[in-house]
Amino acid sequence: MNKINKTLQHSVMMLALMAALPLTALAQGKEPVKVGLVSSKSGVFSQQGEEVIRAVQFAVDEANARGGVDGRKVEVQSADDEGTPDAGRRVAEKLARDGYNLLIGAIPSSISLALAQNLERWDAAYFIVASKSDKLTGDTCKARSFRTNHSDAMDIAMINEWAKGLKEKTFAVLAADYIWGRDSGESFKKAVEASGKSVPLSLYVPLGTKDFSPYIAQLKAANVDAIWVAETGRDAIAFIKQAEEFGLIPKTRLIGHALIQNFLIDATGKALEGMPGNTAYSSDINNPRNKEFVAAWKSRFNRLPTDNEGQAYNGVQVMFDGVKKAGSVKPNDISRALRGASLDTIYGNVTMRAADNQLVLPNYVVRAKMADGALRPVIEQTFAASLTPAASPLCKM
């Protein structure tokens with residue numbers, strides 16, 4: 001009898017112990033979720049890269065504190081893509097070969113394009129959180145590549161609507177001389193000219209430019225009402241500071257494509273105050289999932305999340321949703337599970353479009369102004385996700 005009581009007592013104690021264990025301990029037999037974080041720790045995109053890295057790590061820590069994803073521990077390894085396609089491809093391949101084959105984090109489209117072409121060979125999947133080139137969901141789309149941020153086409157569709165309400169009559173373009181910058185500048189020119197306005201000057205500036213004075217001189221001489229700016233990273237910071245120093249602003253209004261971003265505002269004092277532009281994410285987005293994220297972020301960092309941080313966090317959540325839906329960490333299984341899926345995100349309820357693996361999102365125009373005790377992008381207009389153009393017929397998956 002004593003032996004039976006001891007056995008029962010032992011069983012009760014074991015059940016109590018198991019109930020107290022986190023899910024990760026109970027699911028030790030499950031493969032972990034292995035995230036390969038490829039972003040810029042150095043180079044022209046290092047400011048954005050720092051924010052992306054911070055947000056991905058936050059999402060991983062948050063998931064593990066809640067018991068993992070699908071009862072699986074999340075592990076992350078990061079590598080510096082140095083802001084170049086060659087370095088990005090090299091470090092991404094190493095991460096994937098080492099088992100960290102759920103890739104995320106690159107900023108420029110050139111690196112994302114380099115990664116997407118190799119996913120089958122590496123047995124990897126890739127989650128795009130910042131790169132906008134239409135080629136990623138167009139003629140170079142891949143079944144294992146998912147864009148969770150806005151594409152150029154989505155931004156331009158919004159800009160076409162927004163441009164109708166711009167009061168200025170003449171514009172110049174100053175844009176980075178690579179895929180995204182040229183797509184942006186050429187599309188803006190087409191949009192405003194369709195509204196009966198003129199763009200007499202378009203300037204495309206090599207990446208890594210430090211001295212913008214020759215371009216600023218041309219912009220001042222053009223005597224336009226406003227300037228469409230599509231610059232990025234350190235280049236954008238240098239341009240804004242020099243534009244203020246040489247008197248281009250505030251005399252001439254800047255209108256920004258991804259210009260009214262937190263890191264640019266923080267780096268340039270009051271230079272961007274009052275300037276409008278589009279944004280990819282804002283802490284102002286009003287839904288329960290985003291409010292929960294913003295509150296958790298503020299609790300940890302004592303500030304609001306930035307646009308880059310929100311985009312990156314959203315991308316990780318889509319990855320995690322894929323793991324849950326697939327019940328697997330295998331890139332091919334996750335890819336199949338996400339195509340056409342409806343997802344509850346910090347942007348609201350949205351769809352991962354099956355035709356091209358583009359997350360169909362609402363879009364936003366913000367203005368840099370004082371709010372919550374800081375100069376930051378504040379949403380002024382929201383454009384519905386239904387404005388998103390149809391998938392490119394060039395995408396064959």
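Biologist: With which residues is glutamine 48 in contact, leaving aside its neighbours within four places in sequence?

Modeller: Contact means heavy atoms within 4.5 Å of each other. With those neighbours set aside, glutamine 48 is in contact with Ile107, Thr232, Gly233, Phe263 and Asn308. Please note that this is a predicted model, in which local features need pLDDT of at least 70 and side-chain atom pairs count only at pLDDT 80 or more, while totals for chains, interfaces and linings use all residues. Residues are numbered from 1 along each chain as its sequence is written, and side-chain values use heavy atoms, with hydrogens and water left out.

Biologist: In which element is glutamine 48 found, and is this residue buried or exposed?

Modeller: Helices (H or I, at least four residues) and strands (E, at least two) are DSSP runs, numbered from the N terminus. Glutamine 48 is found in helix α3. Buried means under 20% relative accessible area, exposed means over 50%, and partly exposed lies in between, using a 1.4 Å probe and protein chains only. Glutamine 48 has a relative accessible area of 3%, and therefore counts as buried.

Biologist: How much confidence does the predictor have in the protein, as mean pLDDT?

Modeller: pLDDT is the predictor's confidence in each residue, from 0 to 100. The protein has a mean of 91, and 93% of its residues reach 70 or more. Over residues 1-27, however, pLDDT stays under 50, and the model has ten contacts beyond four places in sequence for that stretch.

Biologist: How many residues does the largest nonpolar core have?

Modeller: A nonpolar core is a set of buried Ala, Val, Leu, Ile, Met, Phe, Trp, Tyr and Cys residues joined through side-chain atoms within 4.5 Å. The largest one here has 71 residues, and Val33, Val56, Ile104, Phe127, Trp162 and Phe320 have the most contacts inside it. Helix α3 (residues 46-65) supplies the largest share of this core, eight residues. Apart from it lies another core of 32 residues, which includes Leu201, Val205, Ile237 and Phe239.

Biologist: Which residues are in contact with isoleucine 104?

Modeller: Beyond four places in sequence, the contacts of isoleucine 104 include Val35, Leu37, Val56, Phe127, Val316 and Met319.

Biologist: With which strands does β8 pair?

Modeller: Two strands pair if DSSP finds at least two bridges between them. Strand β6 (residues 170-176) pairs with β8 in the parallel sense over five bridges, and valine 173 stands opposite tryptophan 228. Strand β9 (residues 253-256) runs parallel to β8 and is joined to it by four bridges; here the bridge partner of tryptophan 228 is isoleucine 255. The chain crosses from β8 to β9 through helix α10 (residues 233-245), and this β-α-β crossover is right-handed. The term means that, with the strands pointing away from the viewer, the path from the first strand over the helix to the second runs clockwise.

Biologist: Which cysteines does a disulfide join?

Modeller: A disulfide is a covalent bond between the sulfur atoms of two cysteines. The criterion is a pair of cysteine sulfur atoms within 2.5 Å, and the count comes to one disulfide. Cysteine 141 is joined to cysteine 395, S to S 2.1 Å. The torsion about the S-S bond is about 100°, so the disulfide is right-handed. Cysteine 141 lies in the loop between β4 (125-128) and β5 (145-147) and cysteine 395 in the segment after β15 (374-383), so the pair ties together parts 254 residues apart in sequence. Both cysteine 141 and cysteine 395 are buried.
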